[in-house]
Amino acid sequence: MALSGVFAYVTPAAILIGLIGSVLLLWARPSALRYVGAAMLPILVIAIVLASWPIASQIGSAPALIAALAVGILGYGLFLFALLKYVGNKAEMSSRLHEYNALLDTTRMERDAMLKEKALQQKLPARVAARFQLPDDESRHIVLVQGEISEILNSNFVVTPDVIINSENEYMVLGRLFDKNFSGALRYLDAEKDAAHKVIDDTLEKRLNEKLAAEGVSPPVDLGAVFETETAGLSQFGVKYVFHVATVRPSRQRGFKADLSEIPFVIQRCFVKYLKLLREGKDITSMLFPLIGTGDGGASSEDSAREMVPSIVSQMNSHKGIRETYIVAFRQGDLEALLDAAKASNLVAEK
């Protein structure tokens, strides 16, 4: 077979193989196929040489052969340059798209975290959220109530505790009358007010100070110290006593700090105070707790609930006269923390 015949078969095959290599290099996903394409692409050089040879042979001179080969190789070089430029741009675009998607994912995660945190901080309407039977006594309960204390007490459909626990600092300094915190709300609710709802007698603070003076106590007091005061304005809601219990320590320029390890002891002292009043003939069957240390104390709802729920279960098992203990969840995050703690304590929810 003449050399030109060989060229007639080999040249198209070489061009086809080279073009297939370029296609694989361009469009194959990152895999072994791209390496195959990179290996096949240089065969185009052979195809160019084979295609240029008959042309140069017809012209019949060495310079013409060199010129034909140079033009062919230059053409291949331009084609390869354009190909690599396209691949590079595609890789850069892919890298930028990956970075954009990563940034988008981060932004989405931050947004979701922000929305979740906002949902956890959402205030709840006043109602009973869940009732749990004590493991050893199905007739007695731990009840999770949600909402602000003023709304809970003002509603006839929520709860009417005999005792409300007021989580205070070692100096027994109540929240101000119009503060949004639990202590301030109790102080306002217990105050005597005129027809225009203006405070005319700050009874909760007055009676607390009288109690401290009667017992010869000068603040600061020890953590866990409990001082009971009879109610004034709160009595209209069925509340008979407020137990003021020291749960947080103040620190100069740092506010208050809750010691969560003291929560079981604090709860025990509240039940001991209940037992003392019971022995004095007082009719007390229910108590209401806020989440201890989660306000100015800086503790998380999860940590406070994890300490409180099993401690309350233990004390209720020891003090049979308490029929129901209420725990208040002010925000959605508080409620979820209490529900998790109740589940961890193997409490059975009523349907």
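Me: Between which two elements does the loop that holds M172 lie?
Reply: M172 is in the loop that connects β3 and α6. Helices (H or I, at least four residues) and strands (E, at least two) are DSSP runs numbered from the N terminus. This is a predicted model, in which local features need pLDDT of at least 70 and side-chain atom pairs count only at pLDDT 80 or more, while totals for chains, interfaces and linings use all residues. Residues are numbered from 1 along each chain as its sequence is written, and side-chain values use heavy atoms, with hydrogens and water left out.

Me: Is N346 buried or exposed?
Reply: N346 counts as exposed, because its relative accessibility is 61%. Its phi is also positive, near 60°, in a residue other than glycine. N346 belongs to the loop between α10 (332–344) and β11 (348–349).

Me: Which peptide bond is cis?
Reply: The bond joining P219 and P220 is cis, with omega at about 10°. P220 sits in the loop between α7 and β6 (226–230).

Me: How are α6 and α7 oriented to each other?
Reply: The axes of α6 (residues 182–190) and α7 (residues 203–214) come within 7 Å and cross at roughly 100°. Axes are lines fitted to C-alpha atoms, for helices over the stretch in contact, and angles run from 0 to 180 degrees between N-to-C directions. The two helices α6 and α7 are therefore roughly perpendicular (65 to 115 degrees; under 35 is roughly parallel, over 145 roughly antiparallel, the rest oblique).

Me: Which residues of α6 and α7 meet?
Reply: L186, R187 and D190 of α6 meet T203, L204 and E205 of α7, where contact means heavy atoms within 4.5 Å.

Me: Where is E302 placed?
Reply: E302 is in helix α9 (residues 301–318). E302 is partly exposed, because its relative accessible area is 40%. Between E302 and A337 there are 35 residues of sequence separation, while their C-alpha atoms are 4.8 Å apart in space.

Me: How does the whole chain read, in counts of helices and strands?
Reply: The protein chain has ten helices and eleven strands. Of its 351 residues, 40% count as buried. Among contacts between residues at least 6 apart in sequence, 63% join residues at least 24 apart.

Definitions and conventions. Buried < 20%, exposed > 50% of the residue type's maximum accessible area, 1.4 Å probe, protein only.
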